[in-house]
Amino acid sequence: VIAALVAVAVIIVAFIGYNVIQSQPQSLINDVKVEFSGYEGSGTVTYNSQDIAEKVAELSYQKAGFNKEQAAGLAKRDSITYAQVSGDTKLASKLVQAEAMINSVRYEFDKKSELKNGDEVTFTVTTTSQNSPVKAEKKTFKIETLKEYEKVSKEDLLKLTPVSFEGFNGYGRVSIPETKDEE
């Protein structure tokens, strides 16, 4: 009898602990996949913003009380899931609550363009709600993969593509021959 009571108590504590952990705000930072592209001084940063938006939505729907399957469907804007949920008045009120949670979360980089190697950009997640499903946090990324511009002197450029002038004073034109790449 005592062993059965201990087993039930352990199960109850585990269930409560799991629910407490699941109700805590989740981190987005580790899901951010950053890509730097372009050239030194004019580089840009892009990231998997669609995936992040879906994760924020899915966490919000779960926190509002939807099961995992419903939350995933709503986060992916599945029309069938949305129709099923909006037809149920109890779930429809949860939908409004979840949309408010989604709208309370903002995430962005402090600088997105005119980047150069050695710069650091910070991804910041903020929320205006104490009931937010995501954690307010920051992560800094160092830029190291931008290409260098190839510097070409005007003399080298004119050797590669010679420019000539044709015509008469006031009626002249510039002639640039096509290269073998037809550029």
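**Entry 1: Val174**

I looked up Val174 and found it partly exposed, with a relative accessible area of 49%. The scale I use calls a residue buried under 20% relative accessible area, exposed over 50%, and partly exposed in between, with a 1.4 Å probe and protein chains only. Val174 belongs to strand β7, residues 173–175. Strands here are DSSP runs of E with at least two residues, helices are runs of H or I with at least four residues, and both are numbered from the N terminus.

I noted that this is a predicted model, where local features need pLDDT of at least 70 and side-chain atom pairs count only at pLDDT 80 or more, while totals for chains, interfaces and linings use all residues. Residues are numbered from 1 along each chain as its sequence is written, and side-chain values use heavy atoms, with hydrogens and water left out.

Which residues does Val174 touch, not counting those up to four places away in sequence? I found Val163, Ser164 and Phe165. Contact means heavy atoms within 4.5 Å. I also checked Val174 against Val1: the two are 173 residues apart in sequence, and their C-alpha atoms are 100 Å apart in space.

**Entry 2: two more pairs**

I took Asp51 next, in helix α2. Asp51 is partly exposed, at 48% relative accessible area. From Asp51 to Lys154 I count 103 residues in sequence and 46 Å in space, C-alpha to C-alpha.

Ala72 lies in helix α3 and is partly exposed, with a relative accessible area of 24%. Ala72 and Glu58 are 14 residues apart in sequence, and 5.6 Å separates their C-alpha atoms.

In which sense do β1 and β2 pair? Strand β1 (residues 34–37) and strand β2 (residues 44–47) pair in the antiparallel sense, over four bridges. Two strands count as paired if DSSP finds at least two bridges between them. I wrote down two of the positions: Phe36 has Val45 in β2 as its bridge partner, and Ser37 stands opposite Thr44 in β2. In a regular strand the side chains alternate between the two faces of the sheet. The hairpin has six residues between the strands, and Gly38 takes a positive phi near 105° there.

**Entry 3: positive phi outside glycine**

Arg77 has a positive phi of about 60°. Arg77 sits in the loop between α3 (68–75) and α4 (79–86). Is Arg77 buried or exposed? Arg77 is exposed, because its relative accessible area is 66%.

Glu114 has a positive phi too, near 55°. The place of Glu114 is the loop between β3 (105–109) and β4 (120–127). With a relative accessible area of 58%, Glu114 is exposed.

**Entry 4: the second largest pocket**

Arg77 came up again here. The second largest pocket is lined by 14 residues, and Ala53, Glu54, Ala57, Arg77 and Ile102 lie nearest its centre. A pocket is found on a 1 Å grid over the protein atoms alone, as an open set of points where a 1.4 Å probe fits, with protein on both sides within 12 Å along at least five of seven lines; lining residues have an atom within 4 Å of a point.

How much space lies in this pocket? I noted about 200 Å³. Grid points are joined across faces, edges and corners, and the volume is the space filled by probe spheres set on the points.

Helices α2 (49–64) and α5 (89–103) and strand β3 each supply at least two lining residues. The largest share, six residues, comes from α2. By type, the lining divides into eight nonpolar, two polar and four charged residues. Nonpolar covers Ala, Val, Leu, Ile, Met, Phe, Trp, Tyr, Cys and Pro; charged covers Asp, Glu, Lys and Arg; the others, Gly among them, are polar.

Ser132 lies in the loop between β4 and β5 (137–142). Ser132 counts as buried, because its relative accessibility is 2%. Its side chain and that of Thr127 are joined by a polar contact of 3.2 Å. A polar contact is a pair of N or O atoms within 3.5 Å; within protein, one must be able to donate a hydrogen and the other to accept it, and residues adjacent in sequence count only if both atoms are side-chain atoms. Leaving aside neighbours within four places in sequence, Ser132 is in contact with Pro25, Lys63, Ser104, Val105 and Thr127.

I followed that list to Ser104, in the loop between α5 and β3. Ser104 counts as buried at 5% relative accessibility. With neighbours within four places in sequence again left aside, the contacts of Ser104 are Thr126, Thr127, Thr128, Ser129 and Ser132.
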